[in-house]
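Please walk through this structure step by step, for someone who has not seen it before.

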Amino acid sequence: MTDRQAVAVLGSTGSIGVSTLDVIKRNQHRYQVSAITANKNVEQIEAQCVEFQPRYAAMADPLAAEALKRRVSARNLNTTVLLGEGSLNQIAEDPEIPIVMAAIVGFAGLDSTLVAARSGKRILLANKESMVVAGHLLNQAAKDGNATIVPVDSEHNAIFQCLPKENQLGATVSEAREIERLVLTASGGPFRQLSADEMQHVTVEQAVNHPNWDMGPKISVDSATMMNKGLEIIEACFLFGVNEQQIEVLVHPQSIVHSMVRYCDGSVLAQMGESDMRTPIANALAWPQRIDAGVSPLDFKLLAGLEFEAPDMLNFPCLDLARQALRVGKGANVVLNAANEIAVERFIDGQVRFVDIAAVNAYTLTHCESSEPHSVADLKALDMAARSYAEEIITNGQLSVGLA
Ligand code: NDP
Ligand code: MG
């Protein structure tokens, strides 16, 4: 049991975190959970401490961390609860933990992902927002630190699996002349078939109820607006080193084909499987080997007809906003991500309507000043400015202008 690889699961109480712990549990002869982190969910992380007995646990929220420390000590567990602002980074850089699952949601995951990259870890990257806002910096940090970034996002993991070995890591696809395009599939989310009128009245409950995937609330809303696919276009550009014209988006409501690579001889390689994140998690964990993920085998008889269609750009304007941000450059991706995090939060809190999310994103992207961030400090300043801008237009009720 001594040569088991140590894994840190950042965001262990989330949907990806829980699936990761499940995959590790099935492969205990190879991996051990050495550290787990969350934000505020003390109850759940305490239960995970009991079950997995990690060496470390940490929480971003200081009060929650104190509460966890008391509970862990009352239970006499062998887990050290780290306190203080740098505790998540401390885990991400621990030299005795070679594998880091980056599964914190949103911009909040950036610091620890960067630290893991500088510290030469194998990063299982679920936290797409860190690649969206800091693609160049993160790739450079991984290069400098000799880290390996394996995508967990199902589409990117599918593309990763369909790429030639020499292009899987290090954003080198543009150097591969035989690769024509990357094809990202999208389920289309719960509102794929609604009219523009019907979209005006959708509720939070409907938006977080994804037809195929069981995910956290933020990414579920992103899937419903298709901002998720927009963020994934940006993520793919940085992960694989392509420009936005080399990325095609196809709506595929069954979520069986997770994404594809088109080659110059007309071949298209696709990765298929059940809609279960344990497949890409297991792939990222064990690559280039394969391990059991607990996922049911794909039953072709049940897949009577796989459908593929072009996305509806009118009802889902967020898709094009991502391409726009990539064309503009100069930090526009940071602005778009910040606006979207604010808009989604406000939608979940009931302060804006579903359709306002695209309006906030569009208006902030077009009007908030941005400039190319050259450092993490630049990037954080830009993120803060864009958040304030988005908050302001929501408060001032400028939303109807947004889509004009
Ligand atoms: P969840 O909302 O389910 O979980 C988020 C995790 O991050 C929780 O552990 C949460 O802790 C923690 N967290 C939240 N805010 C902070 C913070 N400020 N600082 C530190 N930790 C924090 O999200 P998902 O698991 O759905 O998604 C995680 C990431 O993976 C996202 O970037 C998402 O886009 C990506 N992803 C998710 C997929 C999915 O199927 N769910 C698919 C592909 C990508 P707490 O529980 O205490 O709040
Ligand atoms: Mg995805």
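Helices, spaces and backbone

The axes of H7 and H12 cross at roughly 50° and come within 9 Å. Axes here are lines fitted to C-alpha atoms, for helices over the stretch in contact, and angles run from 0 to 180 degrees between N-to-C directions. Helices (H or I, at least four residues) and strands (E, at least two) are DSSP runs, numbered from the N terminus. H7 passes H12 in a left-handed crossing, a term for a near helix turned anticlockwise from the far one by less than a right angle, with right-handed used if it is turned clockwise. On the H7 side the contact (heavy atoms within 4.5 Å) is made by Ser154, Asn157, Phe160 and Gln161, and on the H12 side by Pro280, Asn283 and Ala284. Sorted by class, the contact of H7 with H12 has three nonpolar, four polar and no charged residues. In this sorting Ala, Val, Leu, Ile, Met, Phe, Trp, Tyr, Cys and Pro count as nonpolar, Asp, Glu, Lys and Arg as charged, and the others, Gly among them, as polar.

This is a predicted model, in which local features need pLDDT of at least 70 and side-chain atom pairs count only at pLDDT 80 or more, while totals for chains, interfaces and linings use all residues. Residues are numbered from 1 along each chain as its sequence is written, chains are lettered from A and ligands numbered from 1 in the order in which they are written, and side-chain values use heavy atoms, with hydrogens and water left out.

Helices H7 (154-162) and H12 (278-286) also each supply at least two residues of the lining of the largest cavity. On a 1 Å grid over the protein atoms alone, a cavity is a set of points where a 1.4 Å probe fits but cannot get out, and a pocket is an open set with protein on both sides within 12 Å along at least five of seven lines; lining residues have an atom within 4 Å of a point. A search of the whole structure finds one cavity of 30 Å³ or more. The volume of the largest cavity is about 50 Å³, a volume being the space filled by probe spheres set on the points, with grid points joined across faces, edges and corners. Its lining consists of Ser154, Asn157, Trp213, His258, Gln271, Gly273, Glu274, Asp276, Thr279 and Pro280. Two of these lining residues are nonpolar, six polar and two charged.

The second largest pocket holds about 440 Å³ of space. It is lined by 21 residues, and the closest to its centre are Asn139, Ala142, Leu169, Gly170 and Ala171. Helix H6 (128-145), strand S7 (148-151) and helix H11 (227-240) are the elements that give two or more residues to this lining. H6 gives the most, with six residues. The lining has eleven nonpolar, nine polar and one charged residues.

H11 also packs against helix H13 (residues 318-328), at an angle of about 30° and with the axes 7 Å apart. The two helices are therefore roughly parallel to each other. H11 passes H13 in a right-handed crossing. Met227, Lys229, Gly230, Leu231, Ile233, Ile234 and Cys237 of H11 make the contact with Cys318, Leu319, Ala322, Arg323 and Leu326 of H13. That contact has nine nonpolar, one polar and two charged residues.

Two backbone details remain. A cis peptide bond, with omega of about 5°, joins Trp287 and Pro288, and Pro288 is found in the loop between H12 and H13. Asn76 is not a glycine, although it has a positive phi of about 60°; Asn76 is found in the loop between helix H3 (62-74) and strand S4 (80-82).

Key
Parallel < 35°, antiparallel > 145°, perpendicular 65-115°, else oblique.
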